[in-house]
Amino acid sequence: MSWVPDEHYKSHRVAAEYDKSRFSSISGKIFNHLEKRMVGKCFHKLPKAQKIVDVPCGTGRLAEALLAHGYSVHGIDISAEMLLVASQRLRTYGSRFTSEVADVKRLPAEVPMYDGALCARVLMHFPLDQQIGFLTGVARLSRSVVVINHSLDSGYHRLRRRLKRLVGHQASALHPINNRDIRVLLKNAGLREVKRRRLFPIISEAIYIIAEKIDPENSRTP
Ligand SMILES: C[S@@+](CC[C@H](N)C(=O)[O-])C[C@H]1O[C@@H](n2cnc3c(N)ncnc32)[C@H](O)[C@@H]1O
């Protein structure tokens with residue numbers, strides 16, 4: 001049976017094991033620490049005390065980093081089980097952390113807007129058309145900046161993935177993205193890339209794109 005990211009995390013067992021299975025090894029701990037720092041850097045232009053929507057919030061791993069930086073966070077996720085772990089983890093932040101179970105690909109016509117949005121560790125699980133649907137939903141929730149995490153697909157990373165498979169490692173990103181499709185993804189979600197950051201480009205595919213919403217009035221070609 002194929003792996004369905006919309007369903008996989010709706011399990012108490014998967015939610016309880018999520019952080020331990022990914023971030024408890026030495027390399028996992030280092031990556032987690034650096035990724036949290038990276039997310040803080042990506043939002044550095046957004047004044048503290050503003051409210052960021054984190055979609056998908058998962059177990060609140062990155063929401064925690066944003067709360068520590070002084071932001072308020074609203075976490076949205078399709079899995080109530082993942083959000084339960086997040087709420088327990090972040091209870092010390094009181095009303096600065098709120099959460100909501102929702103499918104971001106099927107948001108209602110009217111949605112509240114937040115000062116910024118984070119979309120991490122999810123797009124690479126879907127084919128491009130579904131990534132566009134997901135990111136369009138996230139972008140609708142933000143007034144300005146949207147920070148996106150993805151897995152870069154370049155010739156070098158394809159070779160690296162092939163070598164990893166040869167020694168028995170399974171690649172985690174099912175749908176890494178190349179630069180051309182990044183442009184397609186952002187444009188269709190109503191976003192424009194402002195800056196790109198990388199964590200260990202030689203050993204990691206992870207990219208962090210800081211994007212802003214395209215103003216439809218100003219983007220019209222004459
Ligand atoms: C790999 S986790 C990433 C969580 C978090 N961003 C992080 O970096 O730790 C992916 C999450 O996406 C959520 N998800 C999948 N499809 C979704 C959808 N359509 N709407 C909202 N959340 C979704 C899953 O429930 C899961 O919690």
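User: How many disulfides does a search of the whole structure find?

Analyst: Keep in mind that this is a predicted model. To count as a disulfide, two cysteine sulfurs have to sit within 2.5 Å. Searching the whole structure for such pairs gives a total of 0.

User: Which cysteine sulfur is closest to that of Cys-42, and how far away is it?

Analyst: A disulfide is a covalent bond between two cysteine sulfurs, so the distance matters. For Cys-42 the gap is too far for a bond. Cys-57 is in no disulfide either, with the sulfur of Cys-119 as its nearest, 12 Å away. For Cys-42, the closest sulfur is also in Cys-119, at 13 Å.

User: Is Cys-57 buried or exposed?

Analyst: The cut-off for buried is under 20% relative accessible area. Cys-57 comes in at 5%, and Cys-42 at 6% also counts as buried. Because its value is 5%, Cys-57 is buried.

User: Which residues lie nearest the centre of the second largest pocket?

Analyst: This pocket has a volume of about 260 Å³, and its lining is made up of 14 residues. By class, the lining has 7 nonpolar, 2 polar and 5 charged residues. Nearest the centre are Cys-42, Lys-45, Val-145, Val-194 and Ile-210.

User: Which element gives the largest share of that lining?

Analyst: Elements giving two or more residues to the lining of the second largest pocket are β5 (142-151), β6 (191-198) and β7 (206-213). The largest share is 4 residues, and it comes from β7.

Terms used
Residues numbered from 1 in each chain as written. Predicted model: local features only at pLDDT ≥ 70, side-chain atom pairs only at ≥ 80, totals over all residues. Heavy atoms only, no water. Buried < 20%, exposed > 50% of the residue type's maximum accessible area, 1.4 Å probe, protein only. 1 Å grid on protein atoms, 1.4 Å probe; cavity = no way out; pocket = protein on both sides within 12 Å on 5 of 7 lines; lining within 4 Å. Points joined across faces, edges and corners; volume = space filled by probe spheres on them. Nonpolar A, V, L, I, M, F, W, Y, C, P; charged D, E, K, R; others polar.
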